[in-house]
Amino acid sequence: MIAAIATPAWAAQERYFSFNIPAGSLDVALRRYARMTGLQLLYRGDTVRGLRTRGVTGNLTAPDALSRLLSGTTLIVSRPTPKTVVIQIGSNSVSQATRPAQAAQTETADADTSQEIVVTGTNIRGTSATSPVTRISRREIQRSAKATVGEIITSQATNFGGTGSPVVALTGVDRTGLNDTLSIAPNLRGLGSEATLTLINGRRVAGSGGRGDFTDLSVLPTLGVERVEILTDGASAIYGSDAVAGVVNVIMREDLKGIELRVRGSTGTQSGEHRLLASAALGTRWSGGSVGLIYEFGHDDALNAADRLYTATGDLRPFGGTDRRTFLSSPATILTLDPTGSAYIPAFAVPKGGASSVTQLRPGTNLSFPLQAIDLTPLSDRHIVYGYLNQQIGAVEFHLDGRFASRTFTNLGSPQSTIFAITAANPFFLSTDGGPFSVIGYSFENELENSRTRGRVQALSSTAALTWRTGRWSVDGYATYAQERSSSRLSGLVNASLLNEALGTTPDDPQTTYSAARDGYFNPYGGGSANNAAILNFVSQGFSAQVRKTAIIEGGVKADGPLLSIFGMEIVGALGGSVRSERFRRTGENFFSGSAPSPAIVKRGERTIPAAFAELNVPLAGGKNGGTRDPGLRLSLAGRYERYPDFGSTANPKIGIAWRPTPALQLHGSWGTSFRAPALTDLKDPFRVSVTQLPNAAGAFAPVLLLSGGNPSLRPETARTWNVGMILTPPPIPSLRIEANIFRTRFSQRIGQPVLQDVLTALTNPEVASFIEPISPASSAADLARVKALLALPGTIGAGIFPDTAYTAIVDARSVNTSTLTVSGLDTTMQLARPVGAGQLDLGLSATWLFSYRRQLTPSARPLERIDRLGFPTSLRANGTLSYTLGPVSAAIIGRYVGGYTDDTARPARPIRDWFTTDATIGFAPQHGRLAGVSLSLIVENLFDRNPPFVDQSSGLGFDGANANPFGRTVALQLNMKL
């Protein structure tokens with residue numbers, strides 16, 4: 001039976017009504033609502049049978065009131081015509097507690113779409129996933145304290161900030177080192193940004209980062225987002241590769257009518273960094289169609305390490321830490337080999353005024369901070385355009401959308417520092433031991449500007465889709481093209497060959513215009529200002545530049561609908577297939593050494609992946625809320641098959657069950673397998689060699705050769721995931737909703753470079769001993785020959801920095817299938833909405849408790865519990881919101897909590913305190929008069945200006961960007977207008 005309640009027009013949504021609908025039967029409340037608003041509501045009687053509502057009171061628009069009536073249910077709203085509102089069963093999810101509770105569970109009624117909503121986590125329309133899904137609506141995005149949709153997603157309690165942000169990329173906290181485009185990406189459960197699949201309108205987009213294996217959320221227009229759905233469960237049976245930790249599905253708007261404007265400006269109160277976000281949208285609707293266009297501009301100032309006391313100098317002793325400065329210094333430090341002959345240690349320090357004789361040198365060391373004045377966040381600008389067109393012709397619906405984004409970024413890197421040898425060929429040479437050469441640790445911090453990276457990211461995507469409805473079946477077909485092109489140039493680097501030429505260590509190179517005898521020898525014994533501009537300009541010509549392009553072309557078809565009916569309960573299903581082509585290309589050049597730039601080895605790859613999938617939703621028993629698609633007990637079965645030309649085929653099943661024993665209680669659970677295919681760069685990256693230094697067992701930095709590159713023998717990463725959960729809406733308190741989900745994921749055969757997981761312990765960590773080969777080229781002719789051969793390879797980075805006999809180890813950092821990670825925990829959310837006086841009070845809480853985060857780095861290593869350890873997720877993250885709305889005025893307090901943890905890299909281990917910050921918002925949205933449609937908000941993030949917890953990082957940056965940020969208090973003003 002369909003309940004049809006007649007109305008005059010949907011235009012009533014812009015009016016305000018005085019509602020006083022008490023808590024009770026949802027069916028009765030909806031009928032009363034329809035009489036008051038004059039809207040036509042369509043829903044099945046069994047859809048709302050037995051459901052209760054918390055009621056609604058106050059002066060509200062029709063959409064706001066309907067959203068509150070449906071809050072705490074799994075019902076969603078769509079609008080097939082301007083005069084009709086359809087209510088149907090949607091997701092079984094709840095939103096996170098940082099959103100106003102009145103909109104937490106339902107799609108607001110002003111969402112204008114002629115299509116039924118397909119919930120993330122299932123291919124079958126009108127059904128709900130058996131896995132937990134968090135939904136963030138457009139209204140919640142608008143009212144959030146966060147400026148962009150990327151920041152909203154990554155602030156969720158289920159997200160770990162160890163990857164996928166500019167802060168962790170620039171401060172070295174991101175151990176993957178792959179976010180060279182400084183993108184924003186989700187990292188659910190701490191399983192990795194590459195293991196979290198991000199979709200736009202349910203479609204894949206081209207990848208970002210060094211491997212092109214995650215999605216950049218910063219190139220999405222926040223004003224253009226309709227809602228976000230976050231599935232926190234493995235879902236390769238539905239979506240294929242990468243959906244190991246879960247899926248983030250960003251649904252774009254299709255409801256524009258008229259003109260919308262938004263401007264948000266903010267400033268940091270500690271050091272005055274500014275941010276600006278300006279958006280404009282234009283659209284219209286007609287019977288059976290709609291069209292819209294959205295533009296957004298964003299600007300972010302850089303935040304420099306010098307602007308925070310705990311990142312300014314590298315000397316962390318005032319905070320209870322360690323002096324992290326090094327002998328790569330200005331003025332210079334003369335070095336000598338330690339007693340073992342395996343590492344250089346300080347011997348003499350050059351005084352501040354410089355030295356022209358050995359007697360002026362003093363025993364000991366000078367110290368400088370290797371990360372002096374780096375940027376913690378980049379200077380960036382972005383321009384984003386998104387457009388769509390929808391049209392229905394008979395039983396066929398056509399959809400077309402396109403997006404183009406351009407983002408530029410600039411950031412200061414570290415001052416240049418190095419170790420080099422100087423000989424008697426240099427007129428400034430001072431021999432401290434009577435020998436023919438000396439080795440010097442040197443920083444250019446007082447002579448050269450910091451290195452600088454400039455980059456640009458351009459993203460393009462377009463989708464054409466059609467839906468044909470025949471009876472109760474729907475057939476969907478689509479074609480998508482997406483690409484991302486990124487370019488970057490790191491300049492201001494010291495070229496090792498040119499420096500040796502300026503030192504006189506090597507003869508004048510006829511291929512350069514420089515002559516040390518004519519233009520001057522480099523003097524390393526000055527006080528930091530002894531060398532003229534000609535010398536410095538010559539040695540600092542080094543650079544590295546790269547251009548990378550990723551692309552995806554995908555087409556697919558899917559059909560879903562009822563298969564058969566058993567005892568009045570329908571078995572519904574979906575089946576389909578797709579073909580996806582992935583492409584990757586990287587080019588570039590570098591000028592680290594030599595007299596001319598060297599082209600980088602061109603890296604390219606392409607593969608085509610066919611896939612087939614099927615899904616069934618099988619009712620097992622009816623219930624008090626039972627309907628054709630929402631029985632009291634139902635079984636979900638899904639499977640997907642994909643074939644890769646690289647490693648063969650993979651098949652992933654998923655089974656889920658949902659049970660509603662009473663109207664107040666829903667139970668659900670699922671089990672399935674997931675996988676992540678090796679990225680094209682994992683397979684095809686060429687072999688390369690880099691020169692670096694790593695701490696040895698004595699704590700001294702020893703020169704090593706680092707090998708890196710791809711591995712064509714890689715296999716896919718695999719995972720097994722299960723979750724069980726419940727949703728409780730107790731009848732005595734109908735406005736209360738509680739959800740809890742217990743989960744476990746075992747992620748095996750993970751692709752990585754084990755030595756890079758903590759590269760500063762690579763030479764001393766027994767877990768990675770199989771990847772370390774000790775060598776002694778000073779005493780072994782075979783080792784010396786091997787070192788010379790590796791340094792002579794094309795593209796070797798850093799050749800000539802150290803003598804060939806100085807290297808102590810070869811460190812293999814090539815990609816391998818090696819590690820296993822097991823994560824388990826509990827997600828909980830609670831929401832409560834109660835009328836207080838003439839307004840409404842909303843309370844929301846969400847938390848993620850991790851029981852275990854156990855990592856086995858290699859098959860021969862023992863599993864280690866890494867929860868609550870530096871560089872890994874904390875056991876507790878929580879968010880909470882308390883908001884109150886009274887007529888045109890609203891206010892909210894938002895709390896964010898990260899539990900304390902331990903720095904077990906320190907000796908002895910050091911505790912790191914927990915971090916609690918408070919955001920506050922106050923908004924004014926007049927309901928009547930000339931200012932109707934205008935809203936103004938004051939937003940303060942980190943209201944009490946709490947600094948991040950101190951961490952004695954070996955980098956000398958005294959905070960952990962994975963679990964805190966250095967921004968301090970930020971004050972923003974936001975203006976929204978609808979014309």
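Mentor: Arginine 407 makes a polar contact with the side chain of aspartate 216 through its own side chain, at 2.9 Å. The model is predicted: local features need pLDDT of at least 70, side-chain atom pairs count only at pLDDT 80 or more, and totals for chains, interfaces and linings use all residues. Residues are numbered from 1 along each chain as its sequence is written, and side-chain values use heavy atoms, with hydrogens and water left out.

Trainee: What makes the pair of arginine 407 and aspartate 216 a polar contact?

Mentor: The term requires a pair of N or O atoms within 3.5 Å; within protein, one must be able to donate a hydrogen and the other to accept it, and residues adjacent in sequence count only if both atoms are side-chain atoms. The distance here is 2.9 Å, so the pair meets the limit of 3.5 Å. The arginine 407 side chain also reaches the backbone oxygen of leucine 182, at 3.5 Å.

Trainee: Why is arginine 407 called buried?

Mentor: Its relative accessibility is 4%, and buried means under 20% relative accessible area (1.4 Å probe, protein chains only); therefore arginine 407 counts as buried.

Trainee: Where does arginine 407 lie?

Mentor: Arginine 407 belongs to strand E22, residues 396-412; strands are DSSP runs of type E with at least two residues, numbered from the N terminus.

Note on methods
Helices (H or I, at least four residues) and strands (E, at least two) are DSSP runs, numbered from the N terminus. Buried means under 20% relative accessible area, exposed over 50%, partly exposed in between (1.4 Å probe, protein chains only).
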